[in-house]
Amino acid sequence: MFEEPEWAEEAPVAAGLPPGASRPRPASASQIKGSKHRQLLATLRALEAASLPQQPPSLPGSDSEEDVVERKKKRPKKASSTTASIEVEKKRKKKCQQQGPPGSDYEEKEVKRKKKCLKGVLSASDSAEEQKRKRKCQKQVPSNPAQHQDSENQTGPKAWKSSATNDQSKPSPGSTSANPPQTLSRKQWRNRQKNKRRHKNKFRPPQPPDQAPATAPKEETEMPPAPSPDNHEDRAGALRARMAQRLDGARFRYLNEQLYSGPSSAAQRLFHEDPEAFLLYHRGFQSQVKKWPLQPVDRIARDLRQRPASLVVADFGCGDCRLASSIRNPVYCFDLASLDPRVTVCDMAQVPLEDESVDVAVFCLSLMGTNIRDFLEEANRVLKQGGLLKVAEVRSRFEDVRTFLGAVTKLGFKVISKDLTNSHFFLFDFEKTGPPRVGPKAQLTGLKLQPCLYKRR
């Protein structure tokens, strides 16, 4: 077979092709892919168009968006009631000028019609303001419900006037004020009320408690009454008494320190030179002891009343002879100074009594000074064999009670009983067993008690 020449491909097809037309070439693979791609894009666009809301196609004769916007601008706005009434009034005037004859009847009708229009405008504004006022009243609870009901019942020009005045006095909700109202907390409100009361009472004259406060305030402001000379004298007297009390307290503390820090002979000289000092000291001492729930002298007197009244008692440091006044026993009273005729003034380390002449020796808050051993040895001297020694001292003076009791037993005594339950003082009972068992030069550390010093209050 012979091959077809190249020019045969370009020859026109005899059947179905016009003369002079070239035969179409077969489509390549790239062209087929491009056509498929175009078909896919077309289908995707069709699907997107179907998913979007369909808008009516704009007809060739329809208006564009710009025409619609211009038409909206040209469209007249809705006028309010007042502007509508004014326009209607203008139209009526024009019609009346064109048609109506200028007569007196026509002028009267025109005046009446104007009044009606004004009334309509006022009623419309009244109704609008009344609605606004009712809304405000619904939002805010009225303080006076009766007044609120009266204002709601009122209608007409009076109610409109009252509402107008109220609206003028109260700021409108739309207007923003420079200082908005601040809500106070409960504590802030209470403090403000308290400050107001203080400010009122600041200028009010002081009133005595017996006199009731005046109910009706007077027109003229009353000035506080001038202090009378009696008030001045009372105040000065109270000040002097207070200063004297402080001075007496200071002197009592000084005397108390001297009594505890020196021997009994120095204390005797002090009170001998200044007799008033002992009175001052005794008064301060009594004021301190009165604060105690139980005074030790009363406890000792109660114990002695249970014993025979024939027992002879020696009270070392008797003070005002309270023990002698509380019991029926014969009592010898000794002290550094005399506040009672029954007191014998002497140094308690050397009392004017014979040996073994008394049955009971009492030291009630009187073991003062640095020579306590001398006091106890003197009590051993004047006591009979088997005699009773009663000691009451302030609780705070004892560092170690056992060493104190051991030192006393070395001076010829035996412990019978002790009471350590009281909150202010200790109470001890000793019995004489014989003379002291140690010499005068032996040291007894247990007899060194702490000084009872009073602090400044």
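In the predicted model, helix H1 spans residues 29–51 and includes Leu44. An α-helix has 3.6 residues a turn, so residues three or four places apart point the same way.

Helix H11, formed by residues 296–305, is largely enclosed by the rest of the structure, because seven of its ten residues are buried; here, buried denotes a relative accessible area under 20%. The buried residues are Pro296, Val297, Arg299, Ile300, Ala301, Asp303 and Leu304. Among the elements that cover these buried residues of H11 are helix H12 (322–326) and the strands E1 (313–316) and E4 (358–364). Strands E5, E6 and E7 also contribute to this cover.

Of these strands, E7 comprises residues 425–432 and is itself mostly covered, with seven of its eight residues buried. Strand E7 is paired with two other strands. Strand E5 (residues 383–394) runs antiparallel to E7 and is joined to it by seven bridges. Within this pairing, Val394 has Phe425 of E7 as its bridge partner. Strand E6 (residues 413–419) is likewise antiparallel to E7, and six bridges connect the two. Lys414 is placed opposite Glu431 of E7. Five residues lie between E6 and E7, and the two strands form a hairpin.

Technical notes:
Residues numbered from 1 in each chain as written. Predicted model: local features only at pLDDT ≥ 70, side-chain atom pairs only at ≥ 80, totals over all residues. Heavy atoms only, no water. Buried < 20%, exposed > 50% of the residue type's maximum accessible area, 1.4 Å probe, protein only. Helix = DSSP H or I, 4+ residues; strand = E, 2+ residues; numbered from the N terminus. Pairing = 2+ DSSP bridges. Contact = heavy atoms within 4.5 Å.
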